[in-house]
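Subject: Structure handover

Hello,

Here is the structure I promised to pass on. My notes follow below it.

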Amino acid sequence: ITTLYPRLTHLKLSKCAIGELSGLLGHSCDSNNPRIPPLSRLPRLTTISLANNELLRAPTALAGVKNLPKLKRIDLSNNRISSFKNAYFMLGNVKVLLLSHNRISNLQGIDRLFSVEHLALDYNELQELSDVVPLTKLPFLNIIELDGNPFVKNQSSYRIQVLHMFQQSRASGITPAEQVPLPSLDRKAASEKELEVLRNHFFSRVITQEVSAHSMSISSVESSLETDSSFSMPRTSKVVRISGTRSACIKEVKPLEACSHDADD
């Protein structure tokens, strides 16, 4: 293939019983010469499908891929790959990575594929919801598939929890909840009901943070007033906290006697 079709852009080798010894790593008759993976001889490739094979290791499945600067999509679904550690060295420009029906139990390596937009991890072996957290740092990820993993079966509201993790990671303290970009999860965009739940939680979190910040500020002011020896509080004055507004403040209250004299005048 590499000799006959050097300008090939799409390559499909699914259901070909390709395994660890099928030549993806290349062959060398001379021990002094390094192996040259055959895929590296197809520099114009933009998509590769090696789905439904017998691949066990990512280094074999991705052999030669780092020499394909135009590669945007790779399908490795229905293999037996358990780890993608160091995959980011070989998949720097890939936008679509399909890993459905493998044996992946952690996302080490996948969590550094910063150009990926569509990631299929359904029917793997992710055990905990927390395993997904690293994916929330991928800035362009807008389609993710996770159903069929063990943690999904144990979480009745896992969609809300996953979407909330992306919301927390991508939202700044001043970004309206409805403007936070959320990925499509399991081939389904966030529903209006899910968005409403997320908006309410987002607003509650922001207000809680603001109140905490204001409370800390008030405590700091009061503490400084109490410890500053150069400041002398009038004997009949009081420090009161003004509540009911988003901003707390300190106010000096006139003595009751002074107020009555002002009223007489």
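Where is A17 found? A17 sits in the loop between β1 (10-12) and β2 (47-49). Strands here are DSSP runs (E, at least two residues), and helices are DSSP runs too (H or I, at least four residues), both numbered from the N terminus.

First, the ground rules. This is a predicted model, in which local features need pLDDT of at least 70, side-chain atom pairs count only at pLDDT 80 or more, and totals for chains, interfaces and linings use all residues. Residues are numbered from 1 along each chain as its sequence is written, and side-chain values use heavy atoms, with hydrogens and water left out.

**Overall layout**

The chain has 265 residues, and 36% of them count as buried. Buried means under 20% relative accessible area, exposed means over 50%, and partly exposed lies in between (1.4 Å probe, protein chains only). The secondary structure comes to 5 helices and 9 strands. Along the sequence the pattern reads β-β-α-β-β-β-β-α-α-β-α-β-β-α.

The chain exposes about 15800 Å². Carbon and sulfur atoms supply 53% of that area. Accessible areas come from the Shrake-Rupley method with a 1.4 Å probe; for residues, only the protein chains shown count as cover.

Take the contacts in the chain with a separation of 6 or more: residues 24 or more positions apart account for 57% of them. A contact means heavy atoms within 4.5 Å.

**The sheet**

There is an open sheet of 7 strands with parallel pairing. Its order is β1-β2-β3-β4-β5-β6-β7. The edges are β1 and β7 (184-185); each has a single partner strand, so one side of each is left without a neighbour in the sheet. Two strands pair if DSSP finds at least two bridges between them. β3 and β4 run parallel and are joined by 3 bridges. D75 stands opposite L98 in β4.

**Backbone points to check**

Most residues other than glycine have a negative phi. A17 has a positive phi of about 55°, although it is not a glycine. N78 also has a positive phi, near 60°, and is a residue other than glycine. N78 is placed in the loop between β3 (73-75) and β4 (96-98). Its relative accessibility is 31%, so N78 counts as partly exposed.

S40 is in the loop between β1 and β2. Is S40 buried or exposed? S40 counts as buried because its relative accessibility is 17%. Not counting residues up to four places away in sequence, S40 touches G64, N67 and L68.

A190 lies in the loop between β7 and α4 (192-227). With a relative accessible area of 21%, A190 is partly exposed. Leaving aside neighbours within four places in sequence, A190 is in contact with R159, L163 and L195.

**Salt bridges**

Side chains of opposite charge can pair when their charged atoms come close. How many salt bridges does the structure hold? There are 6. A salt bridge is a side-chain nitrogen of Lys or Arg within 4 Å of a carboxyl oxygen of Asp or Glu.

- E117 and K95 meet through their side chains (3.6 Å, N to O). E117 lies in the loop between β4 and β5 (118-120) and K95 in the loop between β3 and β4, so the pair ties together parts 22 residues apart in sequence. E117 is partly exposed at 28% relative accessibility, and K95 is partly exposed at 32%.
- R187 and E145 form a salt bridge at 3.0 Å, N to O. The pair links distant parts of the chain, 42 residues apart: R187 is in the loop between β7 and α4, and E145 is in strand β6 (residues 143-145). R187 counts as exposed at 52% relative accessibility, whereas E145 counts as buried at 9%.
- R159 pairs with E194, their closest N and O atoms being 2.8 Å apart. R159 lies in helix α3 (residues 158-170) and E194 in helix α4, so this bridge ties together parts 35 residues apart in sequence. R159 is buried, and so is E194.

One network also turns up: salt bridges that share partners join E145, D147 and R187.

Best wishes
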